[in-house]
Every structure is written in C-alpha cells, then in structure tokens.
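Welcome, and please load the model in your viewer. We will go from one selection to the next, and I will say what to look for at each stop.

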Amino acid sequence: MSSTPLPGRISLSRFLIEQQREKGHLNADLRLLIEVVARACKRISIAVGKGALGGALGSAGTQNVQGETQKKLDVVSNELLLEANEWGGHLAALASEEMDDPHPIPHRYPKGEYLLVFDPLDGSSNIDVNISVGTIFSVLRCPDGIKDPDESSFLQPGTRQVAAGYAVYGSSTVLVLTLGDGVHQFTLDREYGDFPLTQSDLRIPEDTSEFAINMSNMRHWEAPMRRYIDELLAGRTGPRGRDFNMRWVASMVADVHRILTRGGIFIYPRDLKDPSKPGKLRLMYEANPMAMIVEQAGGAATTGLERILDVQPTALHQRVPVFLGSKNEVERVTAYHREAA
Ligand code: AHM
Ligand code: MG
C-alpha cells in the first residue's frame, strides 16, 4: 500500500531552501551538509532496522579512544557518516566519538568551511535489546585561515555551533534540527525516503514532574545531587509538594527526545565512582548539540555550575556533567550545586 503525500507537505530539502531564501539562516554549503547528514541517518536507520537480519548486532571486538567496546553498528554508523560527508566539498574536517583524532578530508576532494562533530550511534548498549538509539551531530565553522584543521580547530565553545541535531531510530525515525532559530522535527517517510516536517518550533515546558537519571549511581553522587533527588522522591508530603515520575532509557537521544516532546529534566552528574571523570557524557558531540537544541526550545542546560554552551573545551573527547530540560528544574538543581561550591 502506498500513501499520498500530505497536502502542503514540506520536505527537509524544501524547509532548508526556504530557510536559506527567506531567513538567510544558512548558505548552500550548510544546506548540503544537513541534507547529507540526513541521508546518512536514513542509511543508519535502515541498518539499525534490519536488526539480526543485517548481521550487524553484537560487539565489533574493538575499543574506541575512551576504552569502550564498540558495537558493530557503532563502526558501521561511523563509516556511513564519514563516507557520506567527505566528498561533498562542504567540510574542512570531521570528528567522531568513535575516532581518536579528527578525520581530514582526503586530498582528492575540495574542502569547505565547516567542521562536523558527531556521536554516530548514541545509546549503543541498547542496540542488541531493540531499544531506541540515535545519532547526534554538531556543526562548527573552521577557524579563519586554517587549511588543515587539527584537534585545536574543533575546541570551540557550544555558543559557536551554527547547527545541531539528532536522529532517533525508534518506533519511527525522527530528525530534530536547529539552525539557531527554533527547533524543528522531521519524520522519515519510509515509502518516499524523505524527511517531511512534522513539527516546527518545539517548546519544552518550564515546569515538569518527570526526571531522568541513572539512580543506580546514587551512592556515588555529591551532596547537592542527593539533596535534589531526595526532595523529588519525597513526593507530595515533601518540600516539593508533588509526586515526580522517573524515566531512564539509557539512550540520551531518546531521553532528550521525550523531554522535547513533553518536558522533563535529564541529568548525568559528576559522581565519585571515578573522580578522574567529570561525568560520563562528552561535551563536543553529546552535551553541546543537545544543549543548543534544548535552549532553542526554551529549556536550559548546565554542568551544574555553568551554562554548557559557555564551556571552553580543552580536549575533543572531554566529558562534562549534564543537567538539561525544563528550565525551572535545571535552574533549581544548578542553584543547589552553586550553593555547595
Ligand atoms: P554511548 O554514546 O557510548 O552510547 O554512551 C552514552 C550513553 C547515553 O546515551 C546515555 O544517557 C548514557 O550513556 C547511559 O548511561 P548508563 O549506562 O549509566 O545508564
Ligand atoms: Mg553517546
């Protein structure tokens, strides 16, 4: 059975062309970049959707730079994003969670003005159990005068991102995008192979009664973290005077997507399990793009002490604590951390 395109259906391509023409939010190179990333996400979605039939479940038997075991689909997704992006002439270099160093554009191709940073398959511990995973990406400008970008070219605060987005490979595949003027959602139409716009200007409610955190780490948390969660758990008779619900998918893309859809707060704090690590999530390809999206949707995103987008990166694979989502809750837990600092 085939379906008829919805009247007034706006494809991702048309949306980008209109943004370029009417608002000047992007140029032809950035438009190409976003379209190429979306095309790679479509291919990753197909690979994820094949599950066991694609022969790509399970471990690849290798480790990434952070010592994490790579899944076969981590490696496949990384390669799909590299292959799709390196020849188009829109990028100066790429960097990925799965690669130690930035990936240069091969000499046989022209170079462009943008840097692309990505987590090719976020939440990959969920692949083998058929739970949503996703791709997160961030776009920066290559600093002026740099012909061969290295790690230092990428170390720009999140405020310099020109675009950020993610795809969730769930019951449907959605692509969420910001160009710095609101957040827009596109849904993969598997029959037509395009991404029509399905929601524009997503907004995160300022208040929420839902939180997302890995509670199994509670014994390792610092005092302000315990204070905040203890208050939520105390429910109606506690200081917050209402009950709070908890959700934890263990795929940041899926947890953040829920927050964009109905509000909530997502937290991955620093903990004392491994004091050498300031949190689990990575600044450049997880925290920064998600912080830009969340702020663009009216939410807030901090490290517990400062705005994530203001953090000056010192290393490509740097980790940070992450508090993001409904503004009033993020501000409250941030205030608890600042009081204790
Ligand atoms: P990954 O990029 O290697 O998949 O790791 C990041 C993921 C996030 O998606 C998620 O929020 C977190 O790790 C889950 O951590 P935990 O295993 O502590 O629940
Ligand atoms: Mg990740």
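## Stop 1: two paired strands

Begin by selecting β5 and strand β6 (residues 133–141): seven bridges join them, and they run antiparallel. Helices (H or I, at least four residues) and strands (E, at least two) are DSSP runs, numbered from the N terminus, and two strands pair if DSSP finds at least two bridges between them. As a reminder, strands of a sheet pair through backbone hydrogen bonds, either parallel or antiparallel. For one bridge in detail, pick Asp-119, whose partner in β6 is Ile-136.

Before moving on, a note on what you are viewing: this is a predicted model, in which local features need pLDDT of at least 70 and side-chain atom pairs count only at pLDDT 80 or more, while totals for chains, interfaces and linings use all residues. Residues are numbered from 1 along each chain as its sequence is written, and chains are lettered from A and ligands numbered from 1 in the order in which they are written.

## Stop 2: the whole sheet

Now widen the selection to the open sheet of eight strands, ordered β4-β3-β5-β6-β7-β8-β9-β10 with mixed pairing. Its edge strands are β4 and β10, each pairing on one side only.

Move along to strand β8 (residues 173–178), which pairs with β9 in the antiparallel sense over five bridges. Here Val-174 stands opposite Thr-187 in β9. Four residues lie between the strands of this hairpin, and Gly-180 takes a positive phi near 90 degrees.

How enclosed is strand β9 (residues 183–187)? Four of its five residues are buried, so β9 is largely enclosed by the rest of the structure. A residue is buried if 20 or more other C-beta atoms lie within 10 Å of its own, exposed if 12 or fewer, and partly exposed in between, with C-beta atoms placed from the backbone. β9 also pairs with strand β10 (residues 197–199), antiparallel over two bridges, where Gln-185 stands opposite Gln-199.

## Stop 3: the annotated residues

Select Glu-97, Asp-119 and Leu-121 next: an unreviewed UniProt entry annotates them as "binding site". Such annotations may be inferred rather than shown by experiment; positions follow the numbering used here, and feature names are shortened. The three span 25 residues in sequence, yet no two of their C-alpha atoms are more than 9.1 Å apart, so they gather at one spot.

- **Glu-97** is in the loop between β3 (91–96) and β4 (103–104). It counts as buried, with 25 C-beta neighbours inside 10 Å. Beyond four places in sequence, its contacts (C-beta atoms, placed from the backbone, within 7 Å) are Asn-64, Asp-119, Pro-120, Arg-282 and Tyr-285.
- **Leu-121** lies in strand β5 (residues 114–122). It has 30 C-beta neighbours inside 10 Å and so counts as buried. Leaving out residues up to four places away, Leu-121 touches Leu-73, Asp-74, Ser-77, Val-133 and Thr-135.

## Stop 4: around ligand 1

Show ligand 1 with the residues around it (C-beta atom, placed from the backbone, within 6 Å), including Glu-68, Glu-97, Asp-119, Asp-122, Asn-214, Tyr-268 and Lys-280. The shell divides into three nonpolar, four polar and five charged residues. In this count Ala, Val, Leu, Ile, Met, Phe, Trp, Tyr, Cys and Pro are nonpolar, Asp, Glu, Lys and Arg are charged, and the others, Gly among them, are polar.

## Last stop: zoom out

Finally, show the entire chain, with its eight helices and 17 strands. Buried residues make up 46% of its 341 residues.

Notes
Two residues are in contact if their C-beta atoms, placed from the backbone, lie within 7 Å.
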